[in-house]
Amino acid sequence: MEQRSYKAISFHLSGLNGISDRTLEMHLGLYEGYVTNTNLLSEQLMEMTHNKKASGTNPAYSELKRHLGFEYGGMVLHEYYFGNLAPKGRGSPSAEFKRALQESFGTFDVWKTDFVAVGSMRGVGWSVLYHDPVAGQLSNHWIELHQQGVPSGFKPVLVMDVWEHAYLLDYKPSERGKYIEAFFSNIDWDVVSQCFSSNAAVRPAA
Ligand SMILES: [Fe+2]
């Protein structure tokens, strides 16, 4: 069976504050790798299913299936990440989004402090502000690697990559805080506000 494959999005992102074009070029290349691997693994797994090799007792199948979550997560999170950046930032948080942040965190600054704290945790992963569309709550989460800790059904609203590849060409390993500051100065708040207000998860598509 022919599967629909994903296409990498051309983000045309450059001129960010504190995140060099060289970093962006390398990072966008890594993202394209996630798209390629997502398609490849999906094809291989489908082939195994058709050839009756899909079984929990088949280590090859189990390994590919486990790895699929990593590649899929890497692809999707990078699309949110590049999608919520604009050179030197754009717009400001909508009144509705600000109100929701206040309801969940008390103040914008308390939310930001927590989001930055999540992004400063040791290890490689992501700091993500999620919206629970059922309870209406906003909450910050640490996503380990690309796939561990994602609350099912929650919408990503703001996504920050804190893998070392996101900043090591521009900063020392101990300077992740400077990268986070730079990230904040490049946030496209129009996109973030739209992600919050939409009924469904919104991410850029090829
Ligand atoms: Fe990344």
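Which side chains meet in a salt bridge at 2.6 Å, N to O? Those of R90 and D188 do.

The structure is a predicted model, in which local features need pLDDT of at least 70, side-chain atom pairs count only at pLDDT 80 or more, and totals for chains, interfaces and linings use all residues. Residues are numbered from 1 along each chain as its sequence is written, and side-chain values use heavy atoms, with hydrogens and water left out.

A salt bridge was taken as a side-chain nitrogen of Lys or Arg within 4 Å of a carboxyl oxygen of Asp or Glu.

The R90–D188 pair links distant parts of the chain. R90 sits in the loop between α2 and α3 (95-105). D188 lies in the loop between α5 (176-185) and α6, 98 residues apart from R90. Helices are DSSP runs of H or I, at least four residues, numbered from the N terminus. Relative accessible area defines exposure: buried is under 20%, exposed over 50%, and partly exposed in between (1.4 Å probe, protein chains only). D188 is buried, at 2% relative accessibility. R90 is partly exposed, at 45%.

E79 pairs with R203 in a salt bridge, with the closest N and O atoms 2.7 Å apart. This pair also links distant parts of the chain, 124 residues apart. E79 belongs to helix α2 (residues 59-83), and R203 to the segment after α6 (189-197). E79 is buried at 3% relative accessibility, while R203 is partly exposed at 33%.

K178 and E175 form a salt bridge at 3.2 Å, N to O. K178 is partly exposed, with 46% relative accessibility. E175 counts as buried because its relative accessibility is 18%.

Note on methods
Helices (H or I, at least four residues) and strands (E, at least two) are DSSP runs, numbered from the N terminus.
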